[in-house]
Amino acid sequence: MNLTFKDYELPVNPKKIELVTDTNIHCAPVYDGKSAVENVSVNPITVKCSGELYGKEGRQCCDRLQQLLREKQSGWLFAPEISPMDAFFTYFCFNRCAGRDAIAYEMRFTENCTEAKGLFELEYTVCKAGENVFDIAQRCCVTPEHIMQCNNFITPFDISEGERVELK
């Protein structure tokens, strides 16, 4: 599976995909030179990607990515090794390397947190290496029983890497 945003699938996956999650911490000074620290909130997930595109197909890809960035609307992001998420396309930078007919690029997506997530928001996911139904249920916030029912699995271990797992 290549990285896909909305209806556009990259011709080749990025060389690097980085997932960033962080929180906001509030520190307040208290008596005796100590601090009171509390975790205030969780920031949206950011997905950072970088890679290279080549030739005419690479130039067309850059044109389409610029169009998607200008749309300013969230859409579903699918990428290897991360769970699908509703995200905004927030950054795109590219440099043409004329001597090699290559385009080096960087892009970022930011999770859309404007609406509460529903229990069965995703329609499907893809099984990662070593996962079983219990792992997928925990990762996707559904019950193992629900996954078993949607997919007609005989046991929670009747699943292999790369297999599509229905969640609705």
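What is the order of the seven strands in the open sheet? In this predicted model, the order is S2-S1-S7-S8-S9-S6-S3, and the pairing is antiparallel.

## The sheet and its edges

Two strands pair on one side only and so form the edges of the sheet: strand S2, at residues 8-9, and strand S3, at residues 16-20.

Within the sheet, strand S7 (residues 75-78) pairs with strand S8 (residues 85-97) over three bridges, in the antiparallel sense. Trp76 stands opposite Asp86 in S8.

S8 and S9 run antiparallel and are joined by ten bridges. Phe89 has Phe109 in S9 as its bridge partner. The hairpin made by S8 and S9 has four residues between the strands, and Asp101 in this hairpin takes a positive phi near 55 degrees.

S9 also pairs with S6, again in the antiparallel sense, here over nine bridges. In this case Leu53 stands opposite Ile103 in S9.

## The helix across the sheet

Helix H1 covers residues 55-71. The strands that H1 lies across are S1 (4-5), S2, S6 (46-54), S8 and S9 (102-111). Relative to S8, the helix runs at about 135 degrees.

## Ile82 in the S7-S8 loop

Ile82 is placed in the loop between S7 and S8. Is this residue, Ile82, buried or exposed? Its relative accessibility is 12%, and because the limit for a buried residue is under 20%, Ile82 counts as buried.

Apart from neighbours within four places in sequence, the residues in contact with Ile82 are Leu19, Val47, Leu77 and Lys128. Ser160 lies 78 residues from Ile82 in sequence, and the C-alpha to C-alpha distance between Ile82 and Ser160 is 17 Å.

## The second largest pocket

Rolling a probe the size of a water molecule over the atoms shows where empty space is left. The second largest pocket holds about 230 Å³ of space. Its lining consists of 17 residues, and those closest to the pocket centre are Met1, Pro80, Glu81, Val126 and Lys128. Lys128 is also one of the residues in contact with Ile82.

Which strand gives the largest share of the lining of this second largest pocket? Strand S10 (residues 124-126) does, with three residues. Sorted by class, the lining has ten nonpolar residues, four charged residues and three polar residues.

Technical notes:
Residues numbered from 1 in each chain as written. Predicted model: local features only at pLDDT ≥ 70, side-chain atom pairs only at ≥ 80, totals over all residues. Heavy atoms only, no water. Contact = heavy atoms within 4.5 Å. Axes fitted to C-alpha atoms, helices over the stretch in contact; angles between N-to-C directions. 1 Å grid on protein atoms, 1.4 Å probe; cavity = no way out; pocket = protein on both sides within 12 Å on 5 of 7 lines; lining within 4 Å. Points joined across faces, edges and corners; volume = space filled by probe spheres on them. Nonpolar A, V, L, I, M, F, W, Y, C, P; charged D, E, K, R; others polar. Buried < 20%, exposed > 50% of the residue type's maximum accessible area, 1.4 Å probe, protein only.
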